[in-house]
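Visitor: Please take a close look at one loop for me. Then carry on to the contacts that tie the chain together.

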Amino acid sequence: MLYPLTFEPIFKEIIWGGTDLLPYKGFSPDSRKIGESWELSHVEQNFSVVNNGPLAGKTIDELIKTYGAQLLGTNVFRQSGNTFPLLIKFIDAHENLSVQVHPGDELAAKRHHSSGKTEMWYVVKAAPDAILYSGFSQPVDAGEYLHRVENNTIMDILKSYPVKPGDVFFLPAGRIHAIGSGCFIAEIQQTSNITYRIYDYNRKDSNGNERELHTIAAIDAIDYTFYSDCKTQYTPHENKATELVKCKYFTTNLLNINKTQQRDHASLDSFVIYICTKGKAIIRDNKKNELHIRQGQTVLIPADTKTITIETEQDSGFLETYIDP
């Protein structure tokens, strides 16, 4: 019988990483530059492994092959096959991340036999001067883009946003973007590891090498449409779900709660993911399973679960994500 599942985090040591991820997730801090914690992943060679209950030690790949629609939902399983369709991460940017773009489904399939990458950011913590970049600050075409990359002025035409905890950005495939230093975010995205790195501040790794850029490959991936505002506007509600993003790849709600809440999943034909961004709680399902969860943990609720109760005695925050095309 399936139950609420948690997974071993996959920590990624990266040149721009910080030291906040380990203590945030309840681990002892160390000197490694941990830039990302992959919370739930079905990316090749990075399969998440269950760390609770009778299924501990099983990979997400093994779970899908064994339980299929029972885990994913009938329609999700039909559309995704044996692939878990979402990748969940925490990102700690001690330095600026590269300017990048992700291809859409059609281009990714043609070039990489992969899905595209549409994603979203939720700002968990932010330094006073933290900035995120999303979209262009002025109308731009492919020629202007190339010129700006070549003369190191691409940053001058990116739209910058000072950020604070709770800010949300939806990033459809094709939108140029970058995470600035001092940002600690939760990221929800399609299962894809295809990134075109456009600009990396001429920075070098520990061996004195610059990271590979994909300036030319990105030309056909970029959406050059000018948008006046790429930040998601919403009004949070206490003890009530607030919709942040709804697209064909995922729906994400915000739950800020300080008392027990019941969530009804009976009408959903999808798994549900809960990312705990603050506080702690007990999750109980209709099968009499119980799970204690704290800040920094991610829980996968199988599609065959009808209801869950989230019991908390303190202010807690969750991102609730599922697929509802």
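Guide: G53 sits in the loop between β4 (46-47) and α2 (60-67). The model is predicted. G53 is partly exposed because its relative accessibility is 46%, and the cut-off for exposed is over 50%. In sequence, G53 and L291 are 238 residues apart. In space, their C-alpha atoms are 9.6 Å apart.

Another loop, between α6 (142-150) and β9 (158-162), holds T153. T153 has a relative accessible area of 18%, so T153 counts as buried. Its side chain makes a polar contact with the side chain of N151, at 2.4 Å.

Now the charged pairs. Side chains of opposite charge can pair when their charged atoms come close. The whole structure has 18 salt bridges. One of them joins D20 to K125, with the closest N and O atoms 4.0 Å apart. D20 is in the loop between β1 (10-18) and α1 (21-24), K125 is in strand β7 (residues 119-126), and 105 residues separate them. D20 is partly exposed at 37%; K125 is partly exposed at 33%.

K89 pairs with E36, the closest N and O atoms being 3.5 Å apart.

D324 bridges to K246, with 3.1 Å between the closest N and O atoms. D324 lies in the segment after β23 (316-322) and K246 in strand β15 (residues 242-246), so the pair ties together parts 78 residues apart in sequence. D324 is partly exposed at 34%, and K246 is partly exposed at 46%.

Finally, a network of salt bridges links E95, D200, R203 and R211.

How values were computed: Residues are numbered from 1 along each chain as its sequence is written. This is a predicted model: local features need pLDDT of at least 70, side-chain atom pairs count only at pLDDT 80 or more; totals for chains, interfaces and linings use all residues. Side-chain values use heavy atoms; hydrogens and water are left out. Helices (H or I, at least four residues) and strands (E, at least two) are DSSP runs, numbered from the N terminus. Buried means under 20% relative accessible area, exposed over 50%, partly exposed in between (1.4 Å probe, protein chains only). A polar contact is a pair of N or O atoms within 3.5 Å; within protein, one must be able to donate a hydrogen and the other to accept it, and residues adjacent in sequence count only if both atoms are side-chain atoms. A salt bridge is a side-chain nitrogen of Lys or Arg within 4 Å of a carboxyl oxygen of Asp or Glu.
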